[in-house]
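Dear colleague,

My notes on what was found in it follow below.

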Amino acid sequence: MKKETKIVLPFYKIAYGVFFVIILSLIRGVTYTYEVGIAIEAPLAILTTVFCADTYVQEIISKRSEIHILYPIKRRFCSIMERIVIQEVFLLVLAIAGYGLFFLFQKPITHPVTENETIQFAAYSFAITITIFFWGILVNTLSMFFRNMWMGIGGCLLIWLITNSGGGEKVFGAWNLFSYTFRDIENAADITWLYGKALYSCIGLILIAILPNIIRKRG
Amino acid sequence: MSIQIKDLTVIFKNGVTAINHADLEIPNGIFGLLGENGAGKTTLMRVLTTVLKPVSGTVTLDKILYSEGNYEKIQRKIGYLPQEIELYPNLTLQECLEYMGDLAGVPKAECRKRMEYYLEKTSLVEHRKKKMKQLSGGMKRRVGLVQALLNEPEFLIVDEPTTGLDPEERIRIRNLLVDFSENRTVLFSTHVVEDLAATCNQLAIIQKGSFLYAGSVKDLAEKAQGKIWICKVSDEEKAREVECQYRITSKQYVEGGLQLRVISERMPELECVPVPGTLEDAYIYVTSQER
């Protein structure tokens with residue numbers, strides 16, 4: 001775990017991740033507390049995409065993949081999953097810290113419809129966990145498939161642009177990738193956004209299931 | 001362990017034929033693969049490590065056919081040092097080897113034992129706590145070799161392992177490979193003839209994707225006997241004229257002119273004396289015949 005951490009979390013990645021969240025919490029204006037999660041979710045998806053794009057592809061760039069091909073698939077799979085978990089836990093910590101930074105810098109006020117700040121934070125934590133999980137897995141899958149991290153980032157950006165838009169909201173509704181962002185914020189009882197999160201959790205799990213095949217064919 | 005290559009052809013997506021209907025048998029022991037840059041050595045090695053799939057032909061390793069279904073079985077038997085590789089820059093040398101040994105499935109205690117042995121053999125013990133990015137090119141090359149040896153492979157493939165090493169390091173690595181080749185097969189690719197002369201009994205010469213020679217080092221050296229001449233010329237202009245007519249393997253200024261080492265079937269019409277041919281002369285002779 002320590003070695004994988006050193007491999008996937010070099011100083012420059014930690015630095016740009018931290019700065020991204022600090023700058024976001026400084027420049028993205030929010031008035032009410034229920035807007036904080038919305039302000040973080042979509043930008044953090046982009047950060048996750050860029051952050052996790054080189055999870056395995058760094059092995060291809062450095063030509064280490066020619067040695068990795070000789071290792072048992074099970075170990076290679078475990079190594080990639082370990083790397084994804086390390087990066088995603090780090091991003092989750094950033095996302096939670098970012099939530100606090102918005103309160104620190106923007107001092108949002110509680111809207112009358114918000115019944116409980118703790119529940120609102122729990123909902124955000126759940127939504128952002130799924131968001132980070134999905135985008136981390138997706139970008140790694142695409143990057144490995146194309147053997148190129150820019151193709152992975154580009155593919156994710158395209159999906160991000162489609163789903164994080166008015167059109168995406170209309171087409172996918174509660175099943176959107178960003179269903180949490182597009183939820184009816186003035187109706188705290190509306191939990192239909194969970195459909196989207198459940199769907200993309202399942203898709204993420206399917207991508208994990210096919211990872212050994214991608215390693216075998218494209219690793 | 002022996003490797004049989006039959007009618008192997010590799011064509012890249014851009015249409016370049018990297019290996020052209022090649023046949024070769026690699027027996028037990030240390031086997032040299034000699035060829036100029038771009039001859040197809042690395043491509044052949046990438047086929048043998050299952051990184052590249054050939055267009056046609058067959059390869060067998062101990063009678064196991066290279067096919068999709070057998071790849072995992074074959075991969076377990078191989079250790080590989082690629083020509084270009086950048087090992088984990090943020091890990092220390094020891095961490096890097098432990099990590100790669102773990103990925104290869106070597107038990108921790110066994111991995112440590114082997115690591116100690118090979119670090120000692122490659123004079124890397126004192127550098128074990130250094131980060132990979134702090135090591136010199138030669139040291140990195142040696143670490144690359146150690147990682148290839150960690151799982152004690154039955155078939156070791158090393159692509160130019162002595163590149164960037166100083167003379168002392170080269171000798172150490174060559175000796176290590178010879179020791180390792182006992183009861184195993186080591187494919188040693190290089191374009192440095194001297195390395196093969198010091199290590200191999202058997203070798204193959206590859207040029208433009210085809211094998212020009214496969215056999216013993218002794219027989220190859222024999223090919224040049226009686227065809228190597230030391231000639232003396234008075235000036236540079238005369239030397240240039242000789243270069244146009246013959247293949248020159250070395251040229252140096254001596255008292256009263258220049259001394260040329262010439263490859264020629266017959267004695268050149270110059271002031272010449274015959275000398276015994278080296279392996280390098282034989283290699284140049286064989287490859288120049290094809291040109």
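Axes here are lines fitted to C-alpha atoms, for helices over the stretch in contact, and angles run from 0 to 180 degrees between N-to-C directions. Helices (H or I, at least four residues) and strands (E, at least two) are DSSP runs, numbered from the N terminus. This is a predicted model, in which local features need pLDDT of at least 70 and side-chain atom pairs count only at pLDDT 80 or more, while totals for chains, interfaces and linings use all residues. Residues are numbered from 1 along each chain as its sequence is written, and chains are lettered from A and ligands numbered from 1 in the order in which they are written.

In chain A, helix H7 (residues 117-146) packs with helix H10 (residues 193-218) at an angle of about 25°, their axes being 9 Å apart.

Between the chains, 20 residues of chain B are in contact with 15 residues of chain A. On the chain B side, strand E6 (78-81) and helix H3 (93-103) are the elements that give two or more residues, and H3(B) gives the most, with three.

Chain B itself is divided into domain 1 (3-217) and domain 2 (226-275), with bounds from an automatic or database domain assignment, and the C-alpha centres of these two domains of chain B lie 38 Å apart.

With best wishes

Terms used. Two residues are in contact if their C-beta atoms, placed from the backbone, lie within 7 Å.
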